[in-house]
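This report looks at one strand and its partners, and then turns to the residues that a database record marks out. Please keep the sequence and the structure in view while reading.

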Amino acid sequence: MKAATAVIYRSALTHNYKTIKSMSPKSHLMAVVKANGYGHGALEVASTLTHADYLGVARIDEAIALREAGVEAKILLLEGFVSEECVPSLLKYNLETVIHCHEQVMMLEKFNSATSIKIWLKLDTGMHRLGIRLDEADAIFERICNISWIEKPINVMTHFACSDELNNPFTNDQIDRFDGFIQHKVVGQTSLAASGGILFWPQSHRHLNRAGIILYGISPVLQKPASDFGLSPVMQLESRLIAIRRHSQGESVGYNATWVSPRDTVIGVVAIGYGDGYSRSIKNGTPVLINGREVPLVGRVSMDMITIDLGPDALDKVGDKVVLWGQDLPIERIAHLNNLSPYELMTQLTSRVNLVYAD
Ligand SMILES: *Cc1c(COP(=O)(O)O)cnc(C)c1O
C-alpha cells in the first residue's frame with residue numbers, strides 16, 4: 001500500500017458539474033482536464049463526466065491520450081497547436097482548436113481537407129498572454145473566413161485576467177471589447193468565462209463556459225470558499241503516521257532546526273513530503289487533520305516526510321491516517337496560510353501519490 005494517497009470522490013465531481021451547469025443553464029459547460037485533470041487524473045475525470053458538453057485540454061498530447069483511451073466527447077485545445085504536423089492530428093482525432101496567432105492561421109491556409117474542423121478564434125481583450133490583438137483581429141477573422149475547410153461561422157473566445165478580483169472593473173472592460181469585436185459580424189459560438197467568470201461575472205456567460213478549478217470543488221478566490229457556492233472538494237490528500245516520538249522542551253525538529261518545542265510533547269512523522277508534491281513552502285503551523293482534530297506541522301517539509309506536533313497527551317498510533325487537505329480541511333485554507341495557489345498545490349502532486357477513486 002502506498003503511503004501518500006489522493007482519494008478522488010467521483011460523486012463530488014458529478015455534483016460540482018451539475019451545480020456549475022445550474023449557474024448558467026442555457027450555456028454549455030466545458031470540464032477543463034488539462035494538467036492531468038488538475039492532478040485528479042484526466043481520463044478518470046473524463047470518464048466520470050461522460051455527459052460533459054465539452055472537455056478542455058491545453059496541449060494536443062493531452063487530447064490524443066484521451067481519444068486513444070476511448071473518450072468520445074468534444075475536446076478543445078485551449079493552447080491551440082504549435083506545428084504543421086499537428087494539423088492532420090486535429091482531423092484524425094476530431095479535435096477543436098483555439099487559434100491565437102497568425103502563424104497558426106498560415107499553417108491552416110497551407111493545408112486542405114475534405115472534412116472540416118471547428119476552430120475558436122481567441123481574442124486578446126486584455127490578458128496579453130495568448131490571443132489576437134484587437135487591432136489585428138478583423139484581418140485575421142477575414143483570413144480564417146476564407147479557409148474553405150474551416151467550419152463557419154467562426155467561434156470566438158477570450159480569457160479574463162482579473163475575474164477573481166470582484167471589485168476590479170477590468171473584467172467588464174474585457175467583456176466590452178469582446179462584444180465590440182463580434183457586434184457587426186456573423187460569428188458562431190462564443191466563450192468568455194472560466195471559473196472566476198462563472199462564479200462572479202454572470203454577464204460573461206455565453207454559449208460555452210469553461211470550468212477548471214471549481215469543477216474540482218475549489219474556489220478561485222481564497223476568501224470565498226467553494227462551499228459558499230455549493231461545491232465540494234473532489235480530492236482528499238492523505239497519508240499515514242510512520243513514527244511517534246517523545247520530544248522534550250527545547251529540542252528542535254528537522255532540517256536546519258527551524259522549530260524548537262516550547263514544551264514536552266509528542267511528535268508524529270507523516271509519510272508525505274515535497275517529493276510527493278506537498279510543497280516545501282508549506283510553513284510551520286499549517287494544520288493537518290488526525291483522528292478528528294487539527295494539529296500543526298512543525299519544522300521543515302522534507303522530501304519524504306513532515307513532522308507534526310501531536311501534543312503532550314496524544315494517543316495517536318503508528319499507521320493512523322493524516323489528512324493534508326480535503327472536505328474537512330479546505331485546500332483554500334492551506335493555500336491562503338502559505339501564500340500559495342491552490343491551482344499549484346493541486347497540479348504539482350507527483351506520480352508517487354497514489355490516486356484512488358471512491359464512489
Ligand atoms: C485553464 C483554463 C481554463 C480553466 O481555468 P479555471 O480558472 O481553472 O477555471 C479556462 N480557459 C482557458 C483558456 C484556460 O487556459
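## A strand and its partners

Strand β5 (residues 96-99) and strand β6 pair in the parallel sense over 3 bridges, where two strands count as paired if DSSP finds at least two bridges between them, and where strands (E, at least two residues) and helices (H or I, at least four) are DSSP runs numbered from the N terminus. Within this pairing, the bridge partner of Thr 97 is Ile 119 in β6. This is a predicted model, in which local features need pLDDT of at least 70 and side-chain atom pairs count only at pLDDT 80 or more, while totals for chains, interfaces and linings use all residues. Residues are numbered from 1 along each chain as its sequence is written, and side-chain values use heavy atoms, with hydrogens and water left out.

Strand β6 also runs parallel to strand β8 (residues 155-157), to which 3 bridges join it, and Leu 121 has Val 156 in β8 as its bridge partner. A further 2 bridges join β6 to the parallel strand β7 (residues 132-133), with Asp 124 standing opposite Arg 133.

## How enclosed is β6?

In strand β6 (residues 119-124), 6 of the 6 residues are buried, so the strand is largely enclosed by the rest of the structure; buried means under 20% relative accessible area, exposed means over 50%, and partly exposed lies in between (1.4 Å probe, protein chains only). Both faces are covered, with Ile 119, Leu 121 and Leu 123 buried on one side and Trp 120, Lys 122 and Asp 124 buried on the other.

## Residues marked in the record

An unreviewed UniProt entry gives the annotation "active site" to Lys 34 and Tyr 255, although such annotations may be inferred rather than shown by experiment, and their positions are given in the numbering used here with feature names shortened. The two span 222 residues in sequence and their C-alpha atoms are 35.1 Å apart, so they do not gather at one spot.

Lys 34, which the unreviewed entry also labels "modified residue: N6-(pyridoxal phosphate)lysine", is placed in helix α2 (residues 34-38) and is partly exposed, with a relative accessible area of 30%. Leaving aside neighbours within four places in sequence, Lys 34 is in contact (heavy atoms within 4.5 Å) with Gly 56, Val 57, Ala 58 and Glu 62. Tyr 255 lies in the loop between β12 (252-253) and β13 (259-260), and at 57% relative accessibility it counts as exposed. With the neighbours within four places in sequence again left aside, Tyr 255 is in contact with Arg 300 and Ser 302.
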